[in-house]
Amino acid sequence: MTLFDSLILGALEGVTEFLPVSSTGHLILASQLLGLEQTNAHKAFEVAIQLGSILAVLFLYAKDLIRDKTLWIKLAVAFLPTGALGFLFYKQIKALFGVETVSFMLIAGGIVFLAVEYFRRDKGIDDGKELDQLTYKEAFLIGLFQSVSMVPGTSRSGATIIGGLFLGLKRKSAAEFSFLLAIPTMIIATAYDLFKHRHEMVVDDYSMLAVAFVTAFAFAFATVKLFVGFVSRHTFIPFAIYRIIVGVIFFYFVATLPA
């Protein structure tokens, strides 16, 4: 991996981690285009740089997390389904990492977003419950939605935002809970992946990891602020269309690769 590769992957992670377009999927697709093999070490690298994005959320929402202690409990409850299923089916989930799966799930997720917006068409952009009105049961249900995102290409943020919308949250509230839920989810996933593959990561990988980590933090910080402003005024339809277009392009890309 070169410095250019790590900068590209870090920037891509920072931009896509909190958008409902699948950061993992984009990293897999970008790695394919850059000619980087999806080894276990590279998969661990892709997960590890997500921590840079998570730290951006911690920085942005530190006051909310300090002020509202019940929010931590809701996040813990929401994390339970993903934590349990991820631990039980770790090997099966890693086996799904590939361009074909990503392409299919990008398209499928885009269609789901279009369906959600269609059924919400009579509601105003700002209709729904605030984040502090979310119950523990609803937090757990959002966690079930998040567990679907373990299939690469689904999008963790996309799955949790859809779950929040189904449960009546405002678009902004659904997005913010998705951001916050990434904190326990990605910290634990990163630590577990790095531990599992600690013998496969060589010294050079850590230097490139540091570059991608810092890049991801910077891009995620800017993206979160812009995204919150966007969803406060607009629907998720542009992201749905984007997912479908990218999924179709990469389906074609895979189909035209030499056997």
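Ser155 is found in the loop between helix 9 and helix 10, where helices (H or I, at least four residues) and strands (E, at least two) are DSSP runs numbered from the N terminus. The phi of Ser155 is positive, at about 90°, although the residue is not a glycine. At 4% relative accessibility, Ser155 counts as buried; buried means under 20% relative accessible area, exposed over 50%, and partly exposed in between (1.4 Å probe, protein chains only). Ser22 also has a positive phi, near 75°, in a residue other than glycine. Ser22 is placed in the loop between helix 1 (3-16) and helix 2 (23-34), and is buried with a relative accessible area of 2%.

The model is predicted: local features need pLDDT of at least 70 and side-chain atom pairs count only at pLDDT 80 or more, whereas totals for chains, interfaces and linings use all residues. Residues are numbered from 1 along each chain as its sequence is written, and side-chain values use heavy atoms, with hydrogens and water left out.

The protein chain contains 13 helices and zero strands. The radius of gyration of the protein chain is 17 Å, close to the 18 Å that the globule rule gives for 259 residues, so the chain is as compact as a globular protein of that length. This radius is taken over C-alpha atoms, and the globule rule is 2.2 Å times the number of residues to the power 0.38. Along the principal axes, the C-alpha atoms fill a box of roughly 45 × 40 × 35 Å. Of the 259 residues, 50% count as buried. Contact is defined as heavy atoms within 4.5 Å. Among contacts between residues at least 6 apart in sequence, 84% join residues at least 24 apart.

The accessible surface of the protein chain comes to about 12,000 Å², with 72% belonging to carbon and sulfur atoms; accessible areas come from the Shrake-Rupley method with a 1.4 Å probe, and for residues only the protein chains shown count as cover. The chain carries 21 positive and 20 negative side chains, and the centres of the two sets lie 7 Å apart. Lys and Arg count as positive and Asp and Glu as negative, while His and the chain ends are not counted. The place of a charge is taken as NZ of Lys, CZ of Arg, CG of Asp or CD of Glu.

A nonpolar core is a set of buried Ala, Val, Leu, Ile, Met, Phe, Trp, Tyr and Cys residues joined through side-chain atoms within 4.5 Å. The largest such core has 39 residues, and those with the most contacts inside it are Phe177, Phe179, Leu180 and Phe227. At least two residues of this core come from each of several helices, including helix 4 (50-60), helix 6 (69-88), helix 8 (99-119), helix 12 (203-231) and helix 13 (237-255). Helix 11 gives the largest share, nine residues. In soluble globular proteins, nonpolar side chains tend to be buried together. Leaving aside neighbours within four places in sequence, Phe227 is in contact with Phe18, Leu19, Pro20, Ile161, Ala175, Phe179, Phe236 and Phe239.

Thr223 counts as buried at 10% relative accessibility, and is in contact with Gly14, Val15 and Leu19. Thr215 is buried as well, with a relative accessible area of 12%, and touches Leu7, Gly10 and Ala11.

Val116 is found in helix 8 and counts as buried at 7% relative accessibility. Not counting residues up to four places away in sequence, Val116 touches Ile162, Leu165 and Phe166. The C-alpha atoms of Val116 and Thr82, 34 residues apart along the chain, are separated by 23 Å. Phe251 lies in helix 13 and is partly exposed, with a relative accessible area of 34%. With neighbours within four places left aside, Phe251 is in contact with Glu100, Ser103, Phe104 and Ile107. Phe251 and Thr101 are 150 residues apart along the chain, and their C-alpha atoms are separated by 9.4 Å.

Asp122 lies in the loop between helix 8 and helix 9 and is exposed, with a relative accessible area of 71%. Asp122 and Arg198 are 76 residues apart in sequence and 51 Å apart in space, C-alpha to C-alpha.
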